[in-house]
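Okay, thanks everyone. Let me put the thing up on the screen and then we'll walk through a few pieces of it.

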Amino acid sequence: MDPARFTRMDENSWRIEPVGAMRVPAIIYASEALLRDMDDKVFVQSANVASLPGVVRAVYAMPDAHWGYGFPIGGVAAFNPEEGGVISAGGVGFDISCGVRTMLTGIPISDVRLLQRDIADSLYRQIPAGLGSEGAITLAPVDMERMLKGGAHWAVEQGWGDAADLERIEENGAVAGAHPEFVSDRAKKRQRREMGTLGSGNHYLEVQEVVEIYDAAAASAFGLVPSEIVVTIHCGSRGLGHQVGSDFLAEMLPAAEAAGIVLADRELACAPIRSDVGERYLGAMRASTNCALANREILGHIARKVIRHFFPYTEMPLLFDVSHNTCKVETHRAGGGSRELFVHRKGATRAFGPGHPALPEALRGVGQPVLIGGSMGTASYVLAGMATSEEKSFSSACHGAGRAMSRHAASKQWRGREVSDELYARGIIIRSPSSRGVAEEAPGAYKDVGAVVASAEACGLARKVARLAPVICVKG
Amino acid sequence: MKTENRGWQHFSHGADLGICGWGPSHDAAFEEAATALTAAVTGAEVVPAMRVDVSCEARALDLLFVAWINAVIYEMAVRQMLFGRFAVRIAGYSLSASMWGEAVDRGRHEPACEPKGATYTELAVSRDAKGRCTARCVVDV
């Protein structure tokens with residue numbers, strides 16, 4: 001994008017002044033280089049979101065923002081129900097509550113190197129990934145209802161998780177206000193055999209080495225030790241969430257029309273929060289969030305079993321589990337006071353700063369862990385939320401590198417086998433059912449995650465704690 | 001099947017993938033676009049071993065196209081199947097279709113992605129002056 005289109009606020013903040021139908025400004029956080037590389041669609045989509053009813057303060061785009069569906073991916077917007085605020089299925093996305101969890105192991109990388117291939121093969125066998133793979137769990141209707149209400153708590157009750165994890169999961173493992181009855185039968189049928197599965201696309205399970213510490217005190221509080229490995233899982237609510245997204249996207253188009261909302265883009269399909277469709281979507285979206293939390297808990301359980309097969313009695317405490325496709329009710333400052341707002345984060349991570357009451361006691365002094373995914377061959381980062389992010393972005397930060405190249409272009413530029421071989425030469429083992437899938441996810445198809453994270457830190461969204469390097473990557 | 005009169009292609013989208021089908025009728029364009037969806041998952045042959053019938057409806061022709069692609073995605077997901085042949089019949093804003101395919105064979109099909117849903121992005125259903133129909137949208141994968 002051309003920087004001249006913006007009012008430059010500082011080195012890393014760019015403001016789109018409210019014009020036309022825009023009710024509030026839009027602010028993009030990025031270095032000038034990242035901004036120049038961003039698709040013009042980020043400008044258009046941010047301005048469109050800023051035109052929706054009940055939007056407050058400003059719309060924000062994170063340093064990894066790119067062209068999304070209605071909302072830019074990397075977009076944050078908050079709506080006040082008392083001012084006719086809306087909820088948007090597109091603003092949450094098709095993969096509801098897609099997110100990342102990282103588990104500590106205490107195992108030195110030197111021990112893992114000796115067994116790296118065996119661990120990779122075992123994880124690949126045990127973690128169902130991609131189309132055509134099935135989990136070991138088949139949900140009966142009564143279990144489906146319990147899972148959609150109980151989230152990770154349900155998984156723990158079934159013996160597929162650890163109770164100690166719960167306080168390290170956003171919403172303590174289950175979001176309140178879930179209404180399984182608003183989830184369609186088709187969505188439930190789609191999920192029946194998908195619990196404990198990874199999915200495909202950019203979803204992955206990685207074994208990673210802690211290679212660099214930036215903030216020793218925060219790293220110590222998080223349990224991150226140089227040269228030890230961690231296990232990170234990136235996935236979401238699987239078929240159930242996808243179907244809920246499709247179902248309500250279709251339903252919200254006429255709902256917006258009926259409410260007199262003029263949409264600049266049909267992907268912005270939305271409904272007033274205080275409406276029948278809005279409340280049903282909230283109930284179904286929260287149930288989908290619980291599905292994602294349960295799914296990641298189960299995947300974590302499977303990963304623990306595999307790691308303990310090679311390293312018996314290994315403790316694998318959960319560092320944190322945080323989603324980046326959500327709409328949450330949170331209290332933020334807007335309009336001269338504190339308000340209960342519906343905060344949409346589409347490809348953006350909640351990033352509460354130190355002292356926030358929602359954080360578990362052990363993390364409260366440091367700030368919320370913000371987990372930033374890489375792309376097979378590149379680094380991932382652990383950040384910590386900063387107090388300044390409240391004013392900057394409703395306590396939000398980036399979520400990953402963001403694609404720099406389409407899948408179509410990537411599959412023409414690289415061959416999966418060559419990508420796997422090149423990464424193997426660098427000490428990274430890839431396991432995937434699809435060579436083309438690996439090519440589409442080639443590290444070169446993504447932006448420089450280091451630049452994204454540096455920009456997030458410079459903006460005061462979240463500060464760097466540690467850098468992680470991939471050792472094993474299982475992809476769907 | 002790719003001839004002068006009908007065919008499909010993929011087009012680029014930032015994070016996902018566009019599918020486009022064209023033919024002498026909207027029925028044919030929808031069939032070709034569904035073939036493009038399958039080709040996004042696999043480059044291998046899909047054997048027409050089993051028939052699945054679907055139907056859907058919408059308020060407009062382009063929304064019917066989204067409903068159709070979502071119907072194919074749904075059957076792929078719940079049946080763990082891929083489909084290689086489609087017969088679509090559109091009447092007004094209602095669609096009924098038969099599609100033929102087989103169970104996913106991960107070794108042979110090497111599925112590259114798992115489609116999540118059709119989107120309204122780049123959504124268009126049209127007929128040009130020469131009578132060629134086109135249907136396209138971006139699919140979230």
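So, Leu383(A) stands opposite Lys464(A) in strand S19 of chain A. Before I go on: this is a predicted model, where local features need pLDDT of at least 70, side-chain atom pairs count only at pLDDT 80 or more, and totals for chains, interfaces and linings use all residues. Residues are numbered from 1 along each chain as its sequence is written, while chains are lettered from A and ligands numbered from 1 in the order in which they are written.

Back to that pair. For the record, two strands pair if DSSP finds at least two bridges between them, and helices (H or I, at least four residues) and strands (E, at least two) are DSSP runs numbered from the N terminus.

What else does S19(A) pair with? Strand S8, residues 204-213 of chain A, is antiparallel to S19(A) with 9 bridges, and there Val210(A) stands opposite Leu468(A). Then S18(A) runs parallel to S19(A), with 3 bridges; Ile430(A) has Cys473(A) as its bridge partner.

And how many residues of S19(A) are buried? 14 of 14, over residues 462-475. Buried here is 20 or more other C-beta atoms within 10 Å of a residue's own, exposed is 12 or fewer, partly exposed is in between, and the C-beta atoms are placed from the backbone.

Now helix H15(A), residues 416-425. Gly416(A), Val419(A) and Ser420(A) are buried. Looking down the axis of H15(A), the buried residues fall within an arc of 95°, so they line one face of the helix; the arc is that of the directions from the helix axis to the C-beta atoms. On the other side, Arg417(A), Asp421(A) and Ala425(A) are exposed. The buried ones pack against S18(A), residues 429-431, and helix H16(A), residues 435-440. Contact, by the way, is C-beta atoms, placed from the backbone, within 7 Å. Just after H15(A), Gly427(A) has a positive phi of about 90°.

Quick look at chain B: 3 helices and 8 strands, in the order β-β-α-β-α-β-β-α-β-β-β. For its 141 residues a compact globule would have a radius of gyration near 14 Å, and chain B has 14 Å, so that agrees. That radius is taken over C-alpha atoms, and the globule rule is 2.2 Å times the number of residues to the power 0.38. Buried residues make up 52% of chain B.

Definitions and conventions
Two residues are in contact if their C-beta atoms, placed from the backbone, lie within 7 Å.
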